[in-house]
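The sequence and structure come first.

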Amino acid sequence: MEGRANVEQQGLELPDELSTRRLVRRALWVVLLLVVIGLVAALAPGLGQVRDLLANADPAWLLVAVVLEALSGVSYVVMFRPVFCPGMSWRTSWEIGWSELAVGSLVPASGAGGLALGAWILTQGGMPADKVARRSVAFFLIKSSVNFVAVAVIGTVMALGITGPHKSLLLTALPAALSVVTIAAVLLLPRIGRGPDAAEGDGRVERAVVAVRHAVVDGAGEAVRIIRSGNALVLAGAFGYWAFDNAVLWATFHAFDTTVPLTVILMGYLIGQLGGLLPIPGGIGGIDGGLIGTLVVYGAPAAATAAAVLAYRVILFWLPLIVGGVAFAALRKGLNHPDRPDLCRPVQPGIPTVSLPPRNA
């Protein structure tokens with residue numbers, strides 16, 4: 001393909017917002033913020049119990065947390081390949097997927113920054129831009145939907161008293177209802193319609209608005225069709241990415257000899273993760289504050305929660321950054337070699353694919 005040939009001839013030059021220099025700068029800011037948070041935990045008065053917990057953390061449980069986060073990343077890769085290109089080699093899927101996770105650990109917006117990197121790479125490799133945009137939206141929605149479905153189910157059973165701990169309807173029924181409304185809104189997006197295409201005389205802003213609307217509406221419909229296809233890799237990857245990441249937080253609590261009901265962790269996870277939407281490098285402070293505040297409101301002990309969330313965030317930052325950095329270095333090197341044109345090969349016999357129903361189905 002022409003785009004792939006350009007990559008091979010000119011080298012892989014990232015767009016400005018995803019340039020190596022900017023990403024390194026973001027990484028340095030996140031490291032600085034982590035150091036500041038660590039100094040506050042180590043020196044600030046009133047945090048003696050947190051310091052004692054951090055000093056006596058169980059390394060075995062922390063190792064379990066690292067393994068669980070690695071499994072979450074592997075699940076991301078498992079989901080990535082069938083959604084974007086079933087004919088892609090697992091090697092390239094691994095490298096793009098982990099590269100996205102690395103960028104996602106630096107750029108806020110709940111992982112959308114990482115998807116932007118993958119979208120750019122796939123476009124440069126020759127995949128049509130509209131397909132990349134549509135599948136990127138679908139991937140994001142499927143990945144996020146597991147969390148909302150979980151909160152809808154768990155919040156409902158907690159509100160009905162089927163499982164504990166027993167909390168007010170404000171902490172159980174309300175999050176469940178909001179999750180159902182969010183899911184319904186996504187399902188209704190395709191009914192809005194794509195709207196008219198951009199006119200010939202439209203400016204850059206107007207064309208961008210039209211393109212975003214098309215991508216979101218088409219991507220929502222694509223997400224529904226992919227889920228309806230029942231592809232095992234997509235479903236397992238989406239569930240695994242969510243479940244293993246939640247399990248990391250569960251393991252870090254155990255590292256500080258604290259047991260928190262799994263329902264509390266699952267409920268606090270979604271609400272706390274909303275802090276990642278704040279424009280803060282790496283989401284540091286936003287996600288941490290959201291998770292700590294939410295988990296404490298649900299009854300988790302404050303000191304143990306602060307220690308567990310800090311350990312969780314350190315793992316969540318460093319593991320994708322290290323593994324993803326190595327993966328991206330290999331990806332850049334490999335894409336500049338003509339003997340590895342495997343960004344998106346034609347589907348090979350025996351490779352599972354996402355077979356979608358017709359769009360008007």
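Which residues do ring pairs link into a cluster? The cluster is made up of Tyr76, Phe80, Phe84, Phe139 and Tyr241. The model is a predicted one.

**Aromatic pairs**

Nine aromatic pairs turn up when the whole structure is searched. Two of them are set out below.

| Pair | Centre to centre | Angle between planes | Arrangement |
|---|---|---|---|
| Tryptophan 61 and tryptophan 250 | 5.3 Å | 85 degrees | edge-to-face |
| Phenylalanine 317 and tryptophan 318 | 4.9 Å | 75 degrees | edge-to-face |

Tryptophan 61 belongs to helix 4 (residues 59-84) and tryptophan 250 to helix 10 (residues 232-255), so their pair ties together parts that lie 189 residues apart in sequence. Tryptophan 61 has a relative accessible area of 25% and is partly exposed. Tryptophan 250 is partly exposed too, at 31% relative accessibility.

In the other pair, phenylalanine 317 is buried, with a relative accessible area of 1%, whereas tryptophan 318 is partly exposed at 36% relative accessibility.

**The second largest pocket**

The second largest pocket holds about 340 Å³ of space. Which helices each supply at least two residues of its lining? They are helix 6 (112-124), helix 7 (129-159) and helix 9 (204-229). The pocket is lined by Ala119, Thr123, Ala129, Val132, Ala133, Ser136, Val137, Ala208, Ala211, Val212, Ala215 and Val216. Of these lining residues, ten are nonpolar, two are polar and none is charged.

Conventions. Residues numbered from 1 in each chain as written. Predicted model: local features only at pLDDT ≥ 70, side-chain atom pairs only at ≥ 80, totals over all residues. Heavy atoms only, no water. Phe/Tyr/Trp six-rings, centres within 6.5 Å; stacked < 30°, edge-to-face > 60°. Helix = DSSP H or I, 4+ residues; strand = E, 2+ residues; numbered from the N terminus. Buried < 20%, exposed > 50% of the residue type's maximum accessible area, 1.4 Å probe, protein only. 1 Å grid on protein atoms, 1.4 Å probe; cavity = no way out; pocket = protein on both sides within 12 Å on 5 of 7 lines; lining within 4 Å. Points joined across faces, edges and corners; volume = space filled by probe spheres on them. Nonpolar A, V, L, I, M, F, W, Y, C, P; charged D, E, K, R; others polar.
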